Amino acid sequence: MPILAENEPHQARTDISPATLEQAGDEWALGGSWTARELGDMPRRLDQLACGSSEVVLNGEKLAALDSAGAWLLQRWLSRQTASPVFKNWAPHLQRLMDRVAEGAADPPTAAPQKSFLERVGRSATANVEQAFALLSFVGETAAAATRQLAHPGRIRWRILLRNIQIGGFDALPIIGLTSFLLGVVVAYQGADQLKNYGANIFVVDLVGYAMLREFAPLISAIIITGRSGSAYTAEIGTMVITEEIDALRTIDIDPIDLLVLPKIAALVIALPLLTVFADITGVIGGMVMARSQLGVGFHEFIERFGREMHGATLLVGIGKSVVFALIISGIGCFQGFRTKGSADSVGRQTTMSVVQSIFLIIVADALFSVLFSMLDI
Amino acid sequence: MPNNNEDIVIEMQKVCTRFGSQTVHTDLDLDVRRGEILAIAGGSGTGKSVLLREMILLQRPTSGTIKLFGEDISTLTDAQSHRLRQRWGVLFQHGGLFSSLTVRENVGLPLREHSALDDSTIDGIAEWKLSLTGLPPGTGLKTPNQLSGGMLKRAALARAIALDPELLFLDEPTTGLDPTSSAGVDELILSTHALYGLTIVMVTHDLDLLWAVSDRVAVLGEGRVLAVGSMDELSHHQHPIIQSYFVDQRAIISKSKISKSKVRPDVPAQEDTWRAK
């Protein structure tokens, strides 16, 4: 086969030695393997070398191998010299590679445009404003779609809704129960020392009760559900955007909001308050266990005082909050999913953004609730 | 015909592949010779892509021996398989470009990973490789999702040849491209082959591509290689599957081309502007 004869560099890779360049008058002798792996510090050496003005003779007699990297490097050096190159003793296939490199070397690599600090600030500011408007329009669209569906309850997709409740709510029971139980233990344990000092052991009931029902149960459920369901919503919708499934839905005239967003929002609005009640129960049980072992407050005593001191309003405050949290989690989750653009890494970015924004907004909402409740004296 | 081991790059003997109860290959034999362009053809579901994945160490056959550059893959150490992997480049069907990197960073990645060259040199080499595949200047700074299908294949090819591999695998290099872009890919494969003298193994359905570039074609069917030979030999082959594969498809393609050119003779192809010069 004729091609084999021209193909020696690839066969001769067994005798690999570093690239060398030696000068003798106007003649430069290349030696060793001028390949990406063997070039070593040749780029820096070439930068410092200059040759005469008339012509530069390149002797390729001892050149063992030359690949694109070596050829490109040599060509870059030659193009910086005023002298014209003369190739001496070059194998024809290596000469061909050099000719090809010389053709293409006319285009120097275009430098990546550097954005100034001011430009970056400006761009990120406009991007944030744009995102805020997009969120507003998403909320509006979703509200309009929800109103349409409530007006025609026959169009509600019950199967999808129930499935979402199962995945987002029922399947989350074990992790929420365990986390909340441990949180109850921690709250009781932290209070135990202080209460013991004042001999106010029995007040551990109020401590655990108010802390869990009003704050910790809704908050911990919301945060776990953000990580569990909010991120999943973004990833699911984001992937559907990339694979053009969302566009496909639109073309067969199914509103993606009807099919993907509303069932998710409704499912969380139903599931999260229920999960919060479950978290209330396991949290208080955790506190109860700790109260007995650390403070000597028996189960019977605990439950009796709990029934006397806790009011329905305390429970409802927590549940009310969790409804708002559910709207935030599902809304942001779906919204960020639809903001996915282009490629796989965008899904990851939007998912991160979705979780961070959800948790941030949940804490902000919780703080606003505290202010509101203290003003209303609840 | 060269028959000594030096000239055979890939040697597959009695390769069997099964997924559960489904059998893909039974006792498949195939050799790839140094410097040739071997195409693997065959209908859907005949295990072309599985065969390719077995050649590039992404998948293990159920039984049988595969030798790459004379080394048996069943006894490879980690170091040996690392060395082997650096000797070939792969163009995946959907490009397989990393979407979080720019096109230029994609092409420079193998160099960055396997050589000690500095960044500006690597960027320069990557740009040159991109221009070699016929992409216009400035493409290197885009991200893969900003490219059209044909440009994506070119950029992916630039990455596959970044380290000047001895062996190049192409998985359906023209699938999803319009006829003009496919013709551009034909030329690109031939010019790459001529420049580096490398061995090319490609999986394809595209009869035009088979006629234009392949030295030998292996037709898969019934879990084995039905026939290996040049396109001329195969088009006169008597096996009914091969007959139907070549004759029927050829007829369909030429018919559809005629009807289209009759309807719209004046419309230039969209991606004409960046075709290889």
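A residue counts as buried if 20 or more other C-beta atoms lie within 10 Å of its own. A:Ser229 has 26 C-beta neighbours inside 10 Å, so A:Ser229 is buried. Keep in mind that this is a predicted model.

**Around A:Ser229**
- A:Ser229 sits in helix H9 of chain A, which covers residues 204-242.
- Leaving out residues up to four places away in sequence, A:Ser229 touches A:Gly168, A:Leu268, A:Ile329 and A:Gly333.
- A:Ile167 is 62 residues from A:Ser229 in sequence, yet their C-alpha atoms are 8.4 Å apart in space.

**Where chain A meets chain B**
- Chain A puts 31 residues into the contact, and chain B puts in 30.
- On the chain A side, the elements giving two or more residues are helices H1 (2-5), H4 (68-80), H5 (92-104) and H14 (344-376).
- H5(A) gives the most to that side, with six residues.
- Sorted by class, the chain A side has 14 nonpolar, nine polar and eight charged residues.

**Chain B in outline**
- Chain B contains nine helices and 10 strands.
- Of its 277 residues, 43% are buried.
- Take the contacts in chain B with a separation of 6 or more: 68% of them link residues 24 or more positions apart.

- As background, nonpolar side chains tend to be buried together in soluble globular proteins.
- The largest nonpolar core here has 94 residues, and B:Ala155, B:Leu168, B:Phe169 and B:Val219 have the most contacts inside it.
- Helix H5 of chain B (residues 149-160) gives the most to this core, with seven residues.
- A second, separate core has 52 residues, including A:Ala188, A:Val204, A:Leu219 and A:Phe335.
- Back in chain B, B:Ala155 touches B:Leu97, B:Val103, B:Asn106, B:Leu130, B:Leu135, B:Thr139, B:Pro144 and B:Leu147, again not counting residues up to four places away in sequence.

**H5 and H6 of chain B**
- The axes of H5(B) and helix H6 (residues 179-196) of chain B come within 10 Å and cross at roughly 15 degrees.
- Angles under 35 degrees count as roughly parallel, so H5(B) and H6(B) are roughly parallel to each other.
- H5(B) passes H6(B) in a right-handed crossing.
- H5(B) brings B:Gly150, B:Lys153, B:Arg154 and B:Leu157 to the contact, while H6(B) brings B:Ser181, B:Gly184, B:Val185 and B:Leu188.

**H3 and H4 of chain B**
- Helix H3 (residues 103-114) and helix H4 (residues 119-132) of chain B have axes that come within 9 Å and cross at roughly 120 degrees, which makes H3(B) oblique to H4(B).
- Their crossing is right-handed too, as H3(B) passes H4(B).
- Among the contact residues are B:Val103, B:Val107 and B:Leu111 of H3(B), along with B:Ile122, B:Ile125 and B:Leu130 of H4(B).
- By class, this contact has seven nonpolar, one polar and five charged residues.

Conventions: Residues numbered from 1 in each chain as written. Chains lettered and ligands numbered in written order. Predicted model: local features only at pLDDT ≥ 70, side-chain atom pairs only at ≥ 80, totals over all residues. Core = buried A, V, L, I, M, F, W, Y, C linked by C-beta atoms within 7 Å. Buried ≥ 20, exposed ≤ 12 C-beta atoms within 10 Å, placed from the backbone. Helix = DSSP H or I, 4+ residues; strand = E, 2+ residues; numbered from the N terminus. Contact = placed C-beta atoms within 7 Å. Axes fitted to C-alpha atoms, helices over the stretch in contact; angles between N-to-C directions. Parallel < 35°, antiparallel > 145°, perpendicular 65-115°, else oblique. Left-handed = near helix turned anticlockwise from the far one by under 90°. Nonpolar A, V, L, I, M, F, W, Y, C, P; charged D, E, K, R; others polar.
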